Amino acid sequence: MSADTATQIHNIGYRTYEGPRLGRAYARRSLYSQSLRGAYGLGRSAKSKVLPMILFAVMCLPAAIIVAVAVATDLDDLPVDYTRYAIVMQAVIGLYLAAQAPQTVSRDLRFKTVPLYFSRPIERVDYVLAKYGAMATALFVLTGAPLLILYVGSLLAKMDLSDQTLELGQGLVSVGLLSLLFGGIGLVMAALTPRRGFGVAAVIATLTITYGAVSTIQAIAIEAGSTGAVKWLGLFSPITLIDGVQTAFLGAATAFPGGDPSAPGAGAGAVYLLVVLALIAGSYGILMRRYRKVGL
Amino acid sequence: MIATESLSKRFPRVTALDRLSLDIGPGVTGLVGANGAGKSTLIKILLGLSPATEGRASVLGLDVATSGAAIREQVGYMPEHDCLPPDVSATEFVVHMARMSGLPPTAARERTADTLRHVGLYEERYRPMGGYSTGMKQRVKLAQALVHDPKLVLLDEPTNGLDPVGRDEMLGLIRRVHTDFGISVLVTSHLLGELERTCDHVVVIDGGTLLRSSSTSDFTQATATLAVEVTDSDACPDGTSALREALTAAGVTLHAGFEEGLPGAGHILLLEASGEETYDIVRDAVAELGLGLVRMEQRRRHIAEVFRPDAAAARPEGAARPADNAMEVQAR
């Protein structure tokens, strides 16, 4: 038997790499897609898929039920506006952000992997853009998917196509803005600490405390009869900021207490929009500063 | 490969590098210095991540101030500290790092398999890294620095935390990185002794300035110090003195000092090994006197000791601190 020739292991020695090196932009894209997949637990352990997938399902389930009801009972219009859906489901969005923002940035800080990135062609701006982009995209998938379910359902129920398409567009712009705002706030909170637990707590606290405080004071303001104050109080929590912007510019009905009279008009809406944009830019700036310190 | 010209780096309170001029060629180069000597600062500047206060530096002919990204594409870096996430496997991690260096997905996977095999990780590369030993972690850290086939790797204290066997394996691996892979190496350590055996060239910095830069053979001659300890016997009640006389007669240079403050210090002879034959002389002398040889070993020594004006002169205060075996229990 000449098995010895078949079973030989050849040590082929070291091979050099002459192929292409695709540089910064490619590395940034790779980091973006790896982080985005990671935000849903893809390419990671089964355990880390559980929570994001459950939250995704919870986010889409009400939309599916609404669609089922709308198709079955032949409604003329959806019982929930596209723009309202994310406001109603804000707790789920908050939980998702609290769970996944630390996952996206704290791991690299805790295990000191960041220097390995910065010793490669990739730079601080690439790292921050990739991580921020991935977090915002993950949130956009989370908040946009149920809107698409609603849209498909509305078409199945033979609602007016042009109305529905316009409203879907407004809804998507709104959740796009929400994703950028929430993603930025979540990453800043998470990047301040390498400890995952602190990150989770900080994100939840930021979202719930500000929203709780704002809606309580708004309710008190209504009782006291000052509807003008309600309009400006909304500036102080992320979700009411989005509410204000979409009420002013995206044809949404406000979720503020007191209804239409307390909703921001075009002037106040512009302030809301500016604050949202400033917060997004600020989050980016803080992340850039944060990573200046941890390079190597 | 690396050239610096009066490179300085000053922080508000300390000067990390002070007009350092170096010229490092291909091969394995050791960068030796105590903690805080400026080794890590130098590496940061060489990677183009930290601007120098003054002076210039170039790596692979590229200026660090203007071509940082181009340098980092051709250079690998292995940090001193832990940098591995425990919940991913070595393969996944190194593939990701290869892509961060710009390798296309297929090439990244092939190079990862190759590189992990070369550093000596086989089946375990599919397991999460949290369960790895320190030696395996160091190999993964080395692999991620090599995966994109750099022209030069900067290794920051690669033997830290390893036991003597792991240390030797890592040093052998570093040697192979140059001889088999053709990649030049700059390796830092605070132990001169271990770099002597691995490097072609050793650069010593202290307080941000160049103490000495020379090829390893220059060092070996000045530094090979043997420590010999013998037992007493009935024929020679004081074995140590008897051996000293015998060795002096045989023409071996003995260091005057003893190792103060160590157990059994008076019984240890320090002598200069001028070559292989010194070992034989000691062996024969001990055998002739009928003494028991407790130990004969090469001393790893404090860096500053190498730079004594006269190697045979009495040791300056505080310089005599052997890095290892200090706590060895004497067998007698």
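Tyr117(A) counts as buried at 2% relative accessibility, where buried means under 20% relative accessible area, exposed over 50% and partly exposed in between (1.4 Å probe, protein chains only). The structure is a predicted model, in which local features need pLDDT of at least 70, side-chain atom pairs count only at pLDDT 80 or more, and totals for chains, interfaces and linings use all residues. Residues are numbered from 1 along each chain as its sequence is written, chains are lettered from A and ligands numbered from 1 in the order in which they are written, and side-chain values use heavy atoms, with hydrogens and water left out.

**Aromatic pairing in chain A**

- Tyr127(A) is likewise buried, with a relative accessible area of 0%.
- Over all chains, a search of the whole structure finds 6 aromatic pairs; rings of Phe, Tyr and Trp (its six-membered ring) pair if their centres lie within 6.5 Å, and planes under 30 degrees apart count as stacked, over 60 as edge-to-face and the rest as tilted.
- The ring centres of Tyr117(A) and Tyr127(A) are 5.3 Å apart and the planes stand at 55°, so this pair is tilted.
- The pair links distant parts of the chain, 10 residues apart: Tyr117(A) belongs to helix α6 (residues 114-118) of chain A and Tyr127(A) to helix α7 (residues 124-156) of chain A.
- One aromatic cluster is formed by Tyr117(A), Phe118(A), Tyr127(A) and Tyr291(A).

**Chain A overall**

- Chain A has 12 helices and 0 strands; helices (H or I, at least four residues) and strands (E, at least two) are DSSP runs, numbered from the N terminus.
- Its C-alpha atoms fill a box of roughly 90 × 50 × 30 Å along the principal axes.
- Of the 296 residues in chain A, 47% are buried.
- Among contacts in chain A with a separation of 6 or more, 77% join residues 24 or more positions apart; contact means heavy atoms within 4.5 Å.
- Ser237(A) lies in the loop between α10 (227-233) and α11 (238-249) of chain A and is buried, with a relative accessible area of 1%.
- Beyond its neighbours within four places in sequence, Ser237(A) is in contact with Thr210(A), Tyr211(A) and Val214(A).

**Chain B and its helix α6**

- Chain B comprises 11 helices and 13 strands, and 51% of its 332 residues count as buried.
- Buried residues of α6(B) include Arg167(B), Met170(B), Leu171(B) and Ile174(B).
- Down the axis of α6(B), the buried residues fall within an arc of 155°, so they line one face of the helix; the arc is that of the directions from the helix axis to the C-beta atoms.
- The face turned away from the buried side of α6(B) carries the exposed residues Pro164(B) and Val165(B).

**Confidence**

- The model scores ipTM 0.87 and pTM 0.81.
- Chain B averages a pLDDT (the predictor's confidence in each residue, from 0 to 100) of 82, and 84% of the residues score at least 70.
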